[in-house]
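Here are some notes to read alongside the model. Please keep the structure open while going through the points.

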Amino acid sequence: MSLETNDWQQVGPVMEGLAVNGGWAYSSWYRSAAASDQLKGNIVAFNMKKLNKYQAQYLSPRSYLYKKLSFGKFKSYSQNVKVSPYMRLGHGQSLGASSKYIYVLANENKLPGGASNGFYSEEILQLKKSDLTINKVWSIRVDVGSSGRYFYNAAFAGDNTMYGVFHNAAFGRYEFWRLNLVNNRWQVS
């Protein structure tokens, strides 16, 4: 997505999450596997109706790709790819797309120093599809008794519903939670 030697403006090449809606594919991209640990990256949108999915792989500047796109093809493809500003995306796996918005669960399961996030909140980002910028941010926190629930993975079903998965490794169990957006607040069940 960008020149390898330009670390400041590099987008990708590590892709995490994926959502598809209306002929567009949206994915979260990190500078490197280590960068995904820093929880910041870009959302990249691809107009799948205008891109040849097999030829698009040659957008990468990586030297192991022996085939390159012509300048004309690159110019044509670049008109059908959008890149968000560099932002906090969490682990980047939890994406969803509706007719107007992209949703990201910007989660982080560790605090500085490696401690568990416990009762700390996570964020849901609503991005505008038109320019991939943040439209709204909600903080969510799910408490059950004396322990918090952290969602490492989630799926969005439209503009008003998120399904989150909590994994309790100590007890070897999973919990599935539904969050509904009601009056601009996410309610848990």
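**Notes on the predicted model**

1. Of the 189 residues in the protein chain, 41% count as buried. Please keep in mind that this is a predicted model.

2. What does the chain consist of in terms of helices and strands? The protein chain has two helices and 15 strands.

3. Which residues form a nonpolar patch on the surface? They are Met15, Leu18 and Val20, and together they have about 290 Å² of accessible area. Leu18 lies in strand 1, which covers residues 14-21.

4. An open sheet is built from four strands in the order 6-7-8-9, with antiparallel pairing. Its edge strands are strand 6 (95-97) and strand 9 (134-140), and each of them pairs on one side only. From one strand to the next, the twist averages 15°.

5. Within this sheet, look at strand 7 (residues 101-106) and strand 8 (residues 122-128): the two run antiparallel and are joined by six bridges. Which residue in strand 8 is the bridge partner of Val104? The partner of Val104 is Leu125.

Methods: Residues are numbered from 1 along each chain as its sequence is written. This is a predicted model: local features need pLDDT of at least 70, side-chain atom pairs count only at pLDDT 80 or more; totals for chains, interfaces and linings use all residues. Side-chain values use heavy atoms; hydrogens and water are left out. Buried means under 20% relative accessible area, exposed over 50%, partly exposed in between (1.4 Å probe, protein chains only). Patches are made of residues with over 30% relative accessible area and no salt bridge: like charges are joined within 9 Å, nonpolar side chains (Val, Leu, Ile, Met, Phe, Trp, Tyr) within 5 Å. Accessible areas come from the Shrake-Rupley method with a 1.4 Å probe; for residues, only the protein chains shown count as cover. A salt bridge is a side-chain nitrogen of Lys or Arg within 4 Å of a carboxyl oxygen of Asp or Glu. Two strands pair if DSSP finds at least two bridges between them. Axes are lines fitted to C-alpha atoms, for helices over the stretch in contact, and angles run from 0 to 180 degrees between N-to-C directions.
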